[in-house]
2 protein chains.
Amino acid sequence: MSRQPVLAIDLGGTEIKIGIVDGAHILAERKIPALAGRGLRAALDRVDEATRECLGELSMDSGSLCGCGVAFAGLVDCGENRALGSNGKYEDAATVDMSRWAKSRWGLELVLDNDARMATVGEWQFGAGAGVSDLVVVTLGTGIGTGVVIDGKVLVGRHFRAGNLGGHIPLSVDSNVMCSCGNRACAESLASTWALRRDLAAESIEGDLSTAEPSEIGFQEIFAAIENGDDEAAAIAVRVIRVWSTLIVALIHAYDPDLVILTGNVTRSGDAILPGIRDYVNQYAWTPGYEVRIEQGEYPAIAALLGAGYVVTRDLNDGKHVQ
Amino acid sequence: MSRQPVLAIDLGGTEIKIGIVDGAHILAERKIPALAGRGLRAALDRVDEATRECLGELSMDSGSLCGCGVAFAGLVDCGENRALGSNGKYEDAATVDMSRWAKSRWGLELVLDNDARMATVGEWQFGAGAGVSDLVVVTLGTGIGTGVVIDGKVLVGRHFRAGNLGGHIPLSVDSNVMCSCGNRACAESLASTWALRRDLAAESIEGDLSTAEPSEIGFQEIFAAIENGDDEAAAIAVRVIRVWSTLIVALIHAYDPDLVILTGNVTRSGDAILPGIRDYVNQYAWTPGYEVRIEQGEYPAIAALLGAGYVVTRDLNDGKHVQ
């Protein structure tokens, strides 16, 4: 099949990325603030404008594109191409007919999926997971997103949630810490950026971290503070690495992969976290006779765009979504 | 296709069940002690004898059978039809060529799989899961076994472990309780019969339970003691129901089913445990817009035999395993 470029859009909670994607290559790209609190409908005009800019930069019109792939920061009904929920971001998303928008604005068919699942596809097809048939991708960020490939197929599930809710596996049966999803003590509620900020805001902090606003601290700041000898930051790191390691053991036991890929902003501090996680998983995961590799993602910033591009090329060239 | 009966064998840790199975019907059945500590090879002569008895009872010879399906109380390499490990039961199992045994003794092709996965297939095809495309079966017993069906297919995984290790999802990140698998604080190490006996042996017990040997107490005794007003038993029940409920939330988030089936001996006390589990899961599982049913298995004693029969009929009639 001859491959055409794809309009790929990553609707994140804080930033929207728009790219014209060809395989693993981003031919043109724009980033715009999400302003997700104002809703998805309000963002689409700005997405249009950024798309026009990308096409203009390439002297291309939308007729040269294969289709439009959208990665959404929330759960998605892949059958209906509709957002299901997003925990406070793009509150109106479930009422927006994205397929109609792509068709009327750009004359393009659309494929919509959850952003962690799209990132999983991107790493699987073009990144650290290339050539692997069974893998789990864990995106450590504001929340924790996951995606799963088993026997060369992306796990989807009855309500499109299978493999996607790894961040919501409860890991502390005796804890009453509430997660944003309504469950108790999900991995995400114990060790994600939002959980970190909640904890920092609730505690009196000493050392390096005391001078920063909790809302501006992420794990990169934690690992930087450790390098300056900050004990409080070191204790936080020990805790979150144990939670992430335990989650990865859970995911290995649940999905039986050969490879776990960690991605997201946190993994820019990969040297500080990977050895500890590998040691823990090596010791505690039950994998007699084989070893599960744990690697960093190759495309922490654009895996979802690449995945969206791949899914469109695969599905629309197959005629699956073409009307 | 015309269906022939199947020789189905459930190699449990304490008991071996042998049945001639036709769909959901057991035409003849024998139960023999497993004596699993003596190994699998030592058990096979007794399995032969019981099989002969079953065939004799039906005036049937093995040539009338479609094949032999074996459910094994441990992990299985389904590709090679070989046991992988079983945590202390049938230590020699990995060295026993079961296919060769079935062929030379009975002239039958063999399909081997883990017992929890076979029980899952049995409930899915003939029991509480009939007609459901996405379900999880949890067998609560000496350990905790699980099996998963997604989109009408049994989840297997790269090393044949996907969906099978639900009992080994870690549920207590701060606990150092060791599981038999080498991991910390797996569901099974917090709330299974072996974990209960470990805890009872370690603590001084009062009330009804104090008169029994810990090694003879199971959850049925716990729930019976509660009916007699035993506070200690009631506290144990609260704890294990919380663990089981949390595990079920984890499995719902991991596999996205419409139905979770609880089976195993414990569920003979179903009236004592199901309402509490349903309440918890209803409150804490993240299932916006739909509800996951939680039901008891229809065949707690023979689901694995029925599943083994089904798998043989499906695979061997397809010619998949026929040489």
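Hi everyone. Before the helices, a word on terms: an axis here is a line fitted to C-alpha atoms, for helices over the stretch in contact, and angles run from 0 to 180 degrees between N-to-C directions. Helices (H or I, at least four residues) and strands (E, at least two) are DSSP runs, numbered from the N terminus.

This is a predicted model, where local features need pLDDT of at least 70, side-chain atom pairs count only at pLDDT 80 or more, and totals for chains, interfaces and linings use all residues. Residues are numbered from 1 along each chain as its sequence is written, and chains are lettered from A in the order in which they are written.

Let's start inside chain B. The axes of α7(B), residues 231-255, and α8(B), residues 270-284, come within 9 Å and cross at roughly 45°. That makes the pair oblique, the class left over once under 35 degrees (roughly parallel), over 145 (roughly antiparallel) and 65 to 115 (roughly perpendicular) are taken out. Among the residues that meet are Trp244(B) and Ile248(B) from α7(B), and Ile277(B) and Tyr280(B) from α8(B); contact means C-beta atoms, placed from the backbone, within 7 Å.

Now, the two chains. How many residues does each chain bring to the contact? Chain A gives 39 and chain B gives 39. On the chain A side, α7(A) supplies the largest share, eight residues.

Finally, chain A can be laid on chain B by a turn of 180° and a shift of 0.0 Å along the axis, with an RMSD of 0.0 Å, superposed by least squares on C-alpha atoms of residues with pLDDT of at least 70 in both. The copies are thus related as by a two-fold rotation axis. Thanks, everyone!

Definitions and conventions:
Contact = placed C-beta atoms within 7 Å.
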